[in-house]
Structure formats: C-alpha cells, structure tokens
Amino acid sequence: LLIAPPDPLYSGTSVIQVTASDADNPTYGKSAKLVYSILEGQPYFSVEAQTGIIRTALPNMDREAKEE
C-alpha cells in the first residue's frame, strides 16, 4: 500500500482509514473484536484503535525537509 498525502502534513492529519473483518461470531467473546495498532512507523503515525484511522503524529511533516 502506497499513499501520497499532500505536503506538508500537520500533526493529527488523517492519512487513510484501514478496515478489517473477522468471520468469528461476536457472541462468543472477544475473539471477534478487532483492534488496530501500528507495528512500524512510529513515532510518525498513530492509529485510532477502534476506527482504524491513521493520522500523522508529528508536527509539520515535510518529505522534502531533511535534518542536517
């Protein structure tokens, strides 16, 4: 998945929303409950655990700006 969001990005900007589904019957407990998390990409991005919305986590993200 490759995303090309506008530049620059400000903290809290919504980048994309991911979705998933589980065929387990939700009446059997928490095995069918989905929770989203980020394994790689921190501290640049955060994800809302319940909705899957991925947002920028750092202020003024600019892909052309480089640290010297």
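## Strands along the chain

Strands, like helices, are DSSP runs; a strand is a run of E with at least two residues, and the runs are numbered from the N terminus. In this predicted model, the protein chain reads β-β-β along its sequence. That pattern goes with a count of three strands and zero helices.

## Surface and contacts

How much of the protein chain counts as buried? Of its 68 residues, the buried share is 15%. The chain exposes about 5,700 Å², and carbon and sulfur atoms supply 54% of that area.

Now for contacts within the chain. Taking those with a separation of 6 or more, 46% come from residues 24 or more positions apart.

## A pair of charged side chains

Side chains of opposite charge can pair when their charged atoms come close. Searching the whole structure turns up one salt bridge. Have a look at Arg 55 and Glu 48: their side chains meet in a salt bridge, at 2.9 Å from N to O.

Are these two residues buried, exposed or partly exposed? Arg 55 has a relative accessible area of 26%, so it is partly exposed. Glu 48, at 30%, is partly exposed as well.

## The largest pocket

Rolling a probe the size of a water molecule over the atoms shows where empty space is left. Here, the largest pocket has a volume of about 150 Å³. It is lined by 10 residues, and the closest to its centre are Ile 3, Ile 16, Ile 38, Phe 45 and Ile 54.

What kinds of residues make up the lining of this pocket? Eight are nonpolar, one is polar and one is charged.

Definitions and conventions. Residues numbered from 1 in each chain as written. Predicted model: local features only at pLDDT ≥ 70, side-chain atom pairs only at ≥ 80, totals over all residues. Heavy atoms only, no water. Salt bridge = Lys/Arg side-chain N within 4 Å of Asp/Glu carboxyl O. Buried < 20%, exposed > 50% of the residue type's maximum accessible area, 1.4 Å probe, protein only. 1 Å grid on protein atoms, 1.4 Å probe; cavity = no way out; pocket = protein on both sides within 12 Å on 5 of 7 lines; lining within 4 Å. Points joined across faces, edges and corners; volume = space filled by probe spheres on them. Nonpolar A, V, L, I, M, F, W, Y, C, P; charged D, E, K, R; others polar. Helix = DSSP H or I, 4+ residues; strand = E, 2+ residues; numbered from the N terminus. Contact = heavy atoms within 4.5 Å. Areas by Shrake-Rupley, 256 points an atom, 1.4 Å probe, with all protein chains shown as cover.
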